[in-house]
Amino acid sequence: MFHLDHLPDQRENEKVVLFLRRHWISVLVIVVAFLFLTGVPLFIGWFFSDVMETWLASPTLGPIVVVAASIYFLSIWLFAFLEFTDYYLDTWIVTNQRIINIEQEGLFNRIASELDLAAVQDTTAEIRGILQTMLTYGQVYVQTAGEKGRFHFKNIDNPEQVKETIAHLVEEDKQRIASGGIVPGRVKSILK
Amino acid sequence: MFELPQFSLPLSIFLYVYSAYMLFYVLYSLFNIYHLIRYGVYGFGLYLIVTLFTGGTILLVGGSLYLLLGYDWTQIVSLNALFEKNAGGIFPGL
């Protein structure tokens, strides 16, 4: 695990300004799906409790029902946890010098990229649809001069505020470099 | 008239299926927890998530084992006998 005050390849005078994850609606979707997939069979079992009791009391059918139900409920629990891990490990860290983008794709693919703020050319915030407008979440795109220089902050809270903060930090970083700071790099990606 | 073929299998085969699934579940869970601990951000939330998942798993596995231990797994299941015995019992309302 990493600490926010000890980032990978921490630079001198580097401070974390924003630490972003997807909006809480992403967690709500997982929770609702979990409750639905668990609640429906439990409700059916409760509604047909006579049948369920007969099945469970049967020495041959009972074990089969219990094994099937155990596998089903454990799978739902594991699936919900995997989805939550995917949400939890997708992070965007904006410091006063760079942007770090960490994306978990499934359980076996992980992409960590970083971008110097001075290389940022344009930042765009996008809010689409009723839900995103009501809950003020959406996308932020950070464009650079490089070929693969487009960072996508997916479904983050307050995208416009994030865009403003990044634009402000970019200006500050460019001024810092102009006054004799570090030369800006390009996008670096690490595939794990 | 449709007749079911004579078909029987030991009940313990379902226990093997359950065990194989549990092996998959444990491996996948451990790998997932490793990912969280290796790449997650240090904080109370991380410990809470891992504890919640482990606690839920213990409850679910404990509950299913409690129910499974109550059955006699040495029995042989005959498909015909199963349907004949439970003809009125599987769906009592029918």
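**Strands, helices and contacts**

Modeller: This is a predicted model. In it, strand β6 (residues 137-144) of chain A and β7(A) pair in the antiparallel sense over 6 bridges.

Biologist: Which residue in β7(A) is the bridge partner of Y137(A)?

Modeller: Strands of a sheet pair through backbone hydrogen bonds, either parallel or antiparallel. Here β6(A) and β7(A) take the antiparallel sense. The bridge partner of Y137(A) in β7(A) is D157(A).

Biologist: Is R176(A) buried, exposed or partly exposed?

Modeller: R176(A) sits in helix α5 of chain A. Its C-alpha atom and that of Q97(A), 79 residues away along the chain, are separated by 9.6 Å. A residue needs 20 or more other C-beta atoms within 10 Å to be buried, and 12 or fewer to be exposed. R176(A) has 16 C-beta neighbours inside 10 Å, so this residue counts as partly exposed.

Biologist: Where does T136(A) lie?

Modeller: T136(A) also has a positive phi, near 45°, in a residue other than glycine. With 13 other C-beta atoms within 10 Å, T136(A) is partly exposed. Its place is the loop between α4 (129-135) and β6 of chain A.

Biologist: Which residue takes a positive phi in the hairpin of β3(A) and β4(A)?

Modeller: Strand β3 (residues 98-105) and strand β4 (residues 109-116) of chain A pair in the antiparallel sense over 8 bridges. Within this pair, E103(A) stands opposite I111(A) of β4(A). The hairpin has 3 residues between the strands, and the positive phi, near 70°, belongs to G106(A).

Biologist: Are α1(A) and α3(A) roughly parallel or antiparallel?

Modeller: Helix α1 (residues 25-47) and helix α3 (residues 61-89) of chain A pack with their axes 10 Å apart, at an angle of about 175°. Angles over 145 degrees count as roughly antiparallel. So α1(A) and α3(A) are roughly antiparallel.

Biologist: How many nonpolar, polar and charged residues has the contact of α1(A) with α3(A)?

Modeller: From α1(A) come residues including I30(A), F34(A) and L37(A). Those of α3(A) include F73(A), I76(A), E83(A) and F84(A). By class, the contact has 11 nonpolar, 2 polar and 1 charged residues.

Biologist: How far apart do the C-alpha centres of domain 1 and domain 2 of chain A lie?

Modeller: Domain 1 of chain A takes in 16-21 + 92-191, and domain 2 covers 28-86. Their C-alpha centres are separated by 41 Å.

Biologist: In what order do the elements of chain B run from the N terminus on?

Modeller: Chain B has 3 helices and 2 strands. Of its 94 residues, 6% count as buried. The elements run β-α-α-β-α.

Biologist: How many nonpolar, polar and charged residues has the contact of α1(B) with α2(B)?

Modeller: Helix α1 (residues 12-39) and helix α2 (residues 44-68) of chain B pack at about 170°, with their axes 10 Å apart. That angle makes α1(B) roughly antiparallel to α2(B). S29(B), I33(B) and L36(B) of α1(B) meet L46(B), I49(B), V50(B) and T57(B) of α2(B). The contact has 5 nonpolar, 2 polar and no charged residues.

Biologist: Which helix supplies the largest share of the side of chain A that touches chain B?

Modeller: The contact takes 30 residues from chain A and 38 residues from chain B. On the side of chain A, α2 (49-57) and α3 each supply at least two residues. By class, that side has 21 nonpolar, 7 polar and 2 charged residues. The largest share, 17 residues, comes from α3(A).

Technical notes
Residues numbered from 1 in each chain as written. Chains lettered and ligands numbered in written order. Predicted model: local features only at pLDDT ≥ 70, side-chain atom pairs only at ≥ 80, totals over all residues. Axes fitted to C-alpha atoms, helices over the stretch in contact; angles between N-to-C directions. Helix = DSSP H or I, 4+ residues; strand = E, 2+ residues; numbered from the N terminus. Parallel < 35°, antiparallel > 145°, perpendicular 65-115°, else oblique. Contact = placed C-beta atoms within 7 Å. Nonpolar A, V, L, I, M, F, W, Y, C, P; charged D, E, K, R; others polar. Pairing = 2+ DSSP bridges. Domains from an automatic or database assignment.
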